Amino acid sequence: MFSTKQLASFEHQETPFYYYDMSLLERTLDACSAAAEKRGFHVHYALKANFNDRILQLIQAKGFGADCVSGNEVKKSIETGFKADKITFAGVGKSDKEIRYALAHEIFAFNVESIEEMEVINALAGETGQIANVSLRINPNVDAQTHHYITTGLDENKFGIPNSELEKSAAILRESKHLNLVGLHFHIGSQIVDLNVFKSLCVKVNEWKNWFEERGTTIKVLNVGGGLGVDYKDPDGNPVTDFEAYFDIFDRFLERNSHQEVHFELGRALVAQCGSLLSRVLYTKSGIKKNFLILDAGMTELMRPALYQAYHKIERVGESDQEEINYDVVGPICESSDCFGKEVPLPVSKRGDLIAIRTAGAYGEVMSSHYNLREEIRYVYSDEIV
């Protein structure tokens, strides 16, 4: 996984730190761009996955748009060079301050998620005489077949405008002088690995597109969200997601007119595999039936396993011909949920050994915290190792 040069560099690094493979990130971005561009698709990068400056700079340089879910993400996008006309602003709880900031920078569109939000954006745009582009987020009631914490497209999720309110939403849009409907927005969840789920999404998008067009409403953009998963179990065997197969589903099953654009909001699929969390063993400990590795990284550096029992491949870094035993790999935080993996087979390990937690480039660094007064997380980039 790591070269001799990288291993030598790691020996001098204070742990824990995130290691970013910038070459793999670039290969992933290029693969996504090639598969999307040949079909005329537009991709916005979901900043919530990772907003590390170096990561954003490369993504922006490759021509991607930005998908934001907070005012500060909109601000970060603009500061790192993303074009305003390629920025979308989603989220169920946009504040007046955030909306005003996005309006002032004339972003591409707001993905609106409630009737009241439409009314607020219309009023705020009216204060400056602007017309705000909006896309209606519709819950297609498609089960993403993923963890319930990251399922977002069912009728009873907090996201999106309920189907029962679409008639009223359409009427409000017709009456609102400072709103311009540019599209429909859908997002059904995250870490989706069954591509048939996206086929089901296409069927629902087709239905709602036709519903609006039958009522005389022109839809310019079909924003189908993101959610494409990655291989957490075999990151070396599948370092780059199969974007060809993913985009082909939408190319074959999504009905669109010649004037319509198809937009995607991908995050995890672009950045997850390029990141690993590197940590050292502080202590080993044996219980009655358990062996523990206590690391210097914890849930403050990588929250996913504690938050929803997410799996990450855990490896001992460096050569080893020692026998393997099972460890519960845990962190130093004063919470029982501070555990990266249970019964993980690893070579017999000792204090000071380096451990890599893989596929941590998405929802790793961005969810880190100072709980227990932990220090700021550190980073190492592959192209800065000499």
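Q: Helices here are DSSP runs of H or I with at least four residues, strands are E runs of at least two, and both are numbered from the N terminus. With that settled, where does lysine 48 lie?
A: This is a predicted model. In it, lysine 48 lies in the loop between β2 (42-46) and α3 (53-61).

Q: What does UniProt list for Lys48?
A: The UniProt entry, which is unreviewed, gives "modified residue: N6-(pyridoxal phosphate)lysine" at Lys48. That annotation may be inferred rather than shown by experiment.

Q: What is the relative accessible area of lysine 48?
A: The value is 35%, so lysine 48 is partly exposed.

Q: Which residues is lysine 48 in contact with, leaving aside neighbours within four places in sequence?
A: Val69, Glu73, Tyr363 and Val366.

Q: Tyrosine 363, then. Where is it found?
A: Tyrosine 363 sits in the loop between β15 (354-357) and β16 (378-381). Its relative accessible area is 13%, so tyrosine 363 is buried.

Q: What is the phi of tyrosine 363?
A: Tyrosine 363 has a positive phi, about 60°, and it is not a glycine. Most residues other than glycine have a negative phi.

Q: What about glutamine 191: positive or negative phi?
A: Positive, about 55°, and again the residue is not a glycine. Glutamine 191 belongs to the loop between β7 and α8. It counts as buried because its relative accessibility is 15%, and the cut-off for buried is under 20%.

Q: Which peptide bond is cis?
A: The bond from threonine 15 to proline 16 is cis, with omega near 0°. Proline 16 is in the loop between α1 (4-10) and β1 (17-20).

Q: New topic. What does the domain assignment of the chain give?
A: Domain 1 (2-15 + 273-379) and domain 2 (22-268). Their C-alpha centres are 33 Å apart. Domain 1 puts 18 residues into the contact, and domain 2 puts in 20.

Q: How many residues are in the largest nonpolar core, and which touch the most other members?
A: That core has 97 residues. Phe110, Leu136, Phe247, Phe250, Phe264 and Leu266 touch the most other members. The largest share comes from α8, with 8 residues.

Q: Where does this core lie relative to domain 1 and domain 2?
A: It lies between them, because both domains give residues to it. There is also a second, separate core of 10 residues, and Phe10, Tyr19, Val380 and Ile385 are among them.

Q: Back to phenylalanine 110. What does it touch, not counting residues up to four places away in sequence?
A: Its contacts include Phe89, Lys94 and Ile121, as well as Ile99, Ala102 and Leu103. Ala132, Asn133, Val134 and Ser135 are also touched by phenylalanine 110.

Q: Which residues of α5 are buried?
A: In α5 (residues 96-104), the buried residues are Ile99, Ala102 and Leu103. They line one face of the helix, because they fall within an arc of 100° seen down the axis of α5. Lys97 and Ala104 are exposed on the other side of α5.

Q: What covers the buried residues of α5?
A: The cover includes β4 (87-89), β5, α6 and β6. Just after α5, glutamate 106 has a positive phi of about 50°.

Q: In what sense do β5 and β6 pair, parallel or antiparallel?
A: β5 (residues 109-112) and β6 pair in the parallel sense, over 3 bridges. Valine 112 has leucine 136 of β6 as its bridge partner.

Q: How many residues of β6 are buried?
A: The count is 5 of 6, so β6 is largely enclosed by the rest of the structure.

Q: Last one, α7. Which residues are buried?
A: In α7 (residues 166-175), Leu166, Ser169, Ala170, Ile172 and Leu173 are buried. They are on the same side of α7, because they cover an arc of only 160° around the axis.

Q: And which exposed residues does the face turned away carry?
A: Lys168, Arg174 and Glu175.

Q: What covers the buried residues of α7?
A: The cover includes α6 (115-127), β6 (132-137), β7 (179-185) and α8 (196-214).

Definitions and conventions. Residues numbered from 1 in each chain as written. Predicted model: local features only at pLDDT ≥ 70, side-chain atom pairs only at ≥ 80, totals over all residues. Heavy atoms only, no water. Buried < 20%, exposed > 50% of the residue type's maximum accessible area, 1.4 Å probe, protein only. Arc of directions from axis to C-beta. Contact = heavy atoms within 4.5 Å. Core = buried A, V, L, I, M, F, W, Y, C linked by side-chain atoms within 4.5 Å. Domains from an automatic or database assignment. Pairing = 2+ DSSP bridges.
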